[in-house]
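Here is a briefing on one protein chain. Please look over the sequence and the model before reading on.

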Amino acid sequence: MKTPFLDKVNSPADIKNMPLSDLTALAEEIRYGVINHSNLVGGHFGGDLGIVEATIALHYVFNSPKDKFIFDVSHQCYPHKMLTGRKGAFLDPLNHMEITGYTNPNESEHDFFTIGHTSTSVSLACGMAKARDLKGEKYNVVAIIGDGSLSGGEALEGLNNGAVLNSNFIVLVNDNDMCIAPTNGGLYKGLAELRATNGQSDKNIFKAMGYEYAYVEDGNNIEKMIEALEKVKDTNKPTVLHIHTLKGKGFKPAEENKEPYHWIMPGMADGKVYDFGETYDTLMTNYLLEKKKQDNTVIAVSPATPGICAFTPEFRAKMGANYTDVDIAEQHAVGYVSGLAANGAKPVLAIHSSFVQRAYDQLSQDLAINKAPATIIVCWGAIGANDVTHLTIFDIPLIINIPNIVYLAPTDKEEYLAMLDWSVEQTEHPVVIRAPYGAVVSSGQKDTTDYGRLNKSKVTHKGTKIALIGAGNFYHLAKNVHAEIKNKFGIEATLINPVYLSGLDTELLESLKQDHDIVLTFEDGCVAGGYGEKIASFYGATSMKVLNYGAAKEFTDRVSIAELYGRYHLTPELVCADLVKLLK
């Protein structure tokens, strides 16, 4: 597709004198850029398509970067990037990897934060506005929030504080009637009533907080958006501009089926519905559906990310009242399942590894101190997520250092299902299970382990001299290293599945002292503060040599799995190269 209008835009200044007809044509070219880029490299999709006109109007009316735009989550920043000198990354396949999927100050003076988690924009913008006032400066600060992000606690905290700034502070609420999945809860009922009354309903949370309020029903109309933004520009009062947009606009499959097109994998902008067959996620959902038939106290919970764990619309419909989407509210999700468990229900909360950190206090206070027997499934926990805001390596050190929580790391299908069933039925411990990642591995044998006997590891191959302890996903790496050690050094090593990452099998570790000199640990996450370091600490006063393998404590951004595995020596060949030094 040719882009004659976008070709002329190298900065926001280039659109300020364009006639309305040109801006409308520009919007379609920007949509092409979103579809082209996302289809080639993956990325957020529906929200970006829906905010095109509003973004054009923002840059038409305001003067970025003097006026500050803070995008929540960065779900909706692609049109902004195209208008601020980064269009080449969306139009030319050779340049696609020049940008991140999120706002990034290293890319442009028009970006102010690296953001990938939700509900932060209002707080960040509130702080920027206050700093501006303290310095006696004059410009607009605009928080742009949508895609369900208002349900996050920090968004409401930011709105509460921003309401009393008594100065220029603008919150653009992009209401597309969606989170990732359909929205839930009283807040969104209120937004729906505002939409239904063209912003006139007396039940207005923003006015109740003290904000000036305006509403635009057709947020995909550039002319109306320019008119509304002109009215709020340079305001001296905290102001909410509530706009209604169509998520996925301009791509019919995304308009009609919004949920799967929130974020897409490369090659998926084709309108097809994909079936990935049996996964660890479908193993969990099938288990929950069967369990619910037997026990009506079983309930599945998601903090607005049902797609990461196969909580599909079909699954949710079958679960009925036994499913809750708490919207984007991980803190509430952990508190909610703690309350459910404390009162006799059997909750299973599935949460993305990167979002676990958002609920740390609740994991400690509400869950662990109260020993609430809830089950939490950590999804996508693995080295390799390549956006700095969505790294999935920190959940192990975060969780295993909280007392009372039992953290299990299954290595295959049978272990996963057995651990899940044990956790749901037991009533003594908060349990976290790190769902295996990748293709389903099956032993073919039913797992009859009593997981109530805490901190008992499984010795899967008894040897001497070298012991390999491989946790969860990385048990299979340890298994491959085991074979390489035998092939390269002729040593029959011991292979161990630790099962529990929240405690040590001290009896087994003591026994290794008798005929082992080296222990290698493997975990699919950050080594610092993790499981392997606890093994090293256990042997600290002895002659046992310990090597810990996993990820370094660092923020990586768009680094390939192959490069990370090389950097961290996570291949059998590199591990054996390390062993050469110790064996000498």
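Helices (H or I, at least four residues) and strands (E, at least two) are DSSP runs, numbered from the N terminus. On that basis the protein chain has 22 helices and 18 strands. Its radius of gyration (taken over C-alpha atoms) is 26 Å, close to the 25 Å that the globule rule gives for 584 residues, so the chain is as compact as a globular protein of that length. The globule rule is 2.2 Å times the number of residues to the power 0.38.

This is a predicted model, in which local features need pLDDT of at least 70 and side-chain atom pairs count only at pLDDT 80 or more, while totals for chains, interfaces and linings use all residues. Residues are numbered from 1 along each chain as its sequence is written, and side-chain values use heavy atoms, with hydrogens and water left out.

**Overall dimensions and burial**

- Along the principal axes, the C-alpha atoms fill a box of roughly 80 × 50 × 50 Å.
- Of the 584 residues, 57% count as buried. Buried means under 20% relative accessible area, exposed over 50%, and partly exposed in between (1.4 Å probe, protein chains only).
- The accessible surface is about 23,400 Å², and carbon and sulfur atoms account for 50% of it. Such areas come from the Shrake-Rupley method with a 1.4 Å probe; for residues, only the protein chains shown count as cover.
- Contact means heavy atoms within 4.5 Å. Among contacts between residues at least 6 apart in sequence, 76% join residues at least 24 apart.

- Strand β3 covers residues 141-146, and six of the six are buried, so the strand is largely enclosed by the rest of the structure.
- V141, A143 and I145 point one way from β3. V142, I144 and G146 point the other way.
- Two strands pair if DSSP finds at least two bridges between them. Strand β2 (residues 68-71) runs parallel to β3, joined by four bridges.
- Strand β4 (residues 169-175) also pairs with β3 in the parallel sense, over five bridges.
- β3, helix α7 (residues 153-162) and β4 form a right-handed β-α-β unit. Right-handed means that, with the strands pointing away from the viewer, the path from the first strand over the helix to the second runs clockwise.

**The β5-β6 pair**

- Strands β5 (residues 212-216) and β6 (residues 238-244) run parallel, with five bridges between them.
- The chain gets from β5 to β6 through helix α10 (residues 222-232), and this β-α-β crossover is right-handed.
- V216 has I243 as its bridge partner in β6.

**Helix α20**

- Y531, G532 and I535 are buried in helix α20 (residues 531-538).
- These residues cover an arc of only 100° around the axis, which puts them on the same side of α20. The arc is that of the directions from the helix axis to the C-beta atoms.
- An α-helix has 3.6 residues a turn, so residues three or four places apart point the same way.

- N36 sits in helix α1 (residues 20-41). N36 is buried, at 16% relative accessible area.
- Leaving aside residues up to four places away in sequence, N36 touches F90, L91 and H96.
- N36 and F71 are 35 residues apart in sequence and 22 Å apart in space, C-alpha to C-alpha.
- T494 lies in strand β16 (residues 494-497). T494 is buried, with a relative accessible area of 1%.
- Not counting residues up to four places away in sequence, T494 touches several residues, including V459, H461, H482 and H516.
- T494 and T297 are 197 residues apart along the chain, and their C-alpha atoms are separated by 42 Å.

**Backbone points to check**

- Most residues other than glycine have a negative phi, and most peptide bonds are trans.
- S64 and P65 are joined by a cis peptide bond, with omega about 10°. P65 is in the loop between α3 (52-61) and β2.
- S119 has a positive phi, near 70°. S119 is in the loop between α5 (88-91) and α6 (121-134), and at 1% relative accessibility S119 counts as buried.
- W380 also has a positive phi, near 65°. W380 is in the loop between β11 (375-379) and α16, and at 34% relative accessibility W380 counts as partly exposed.
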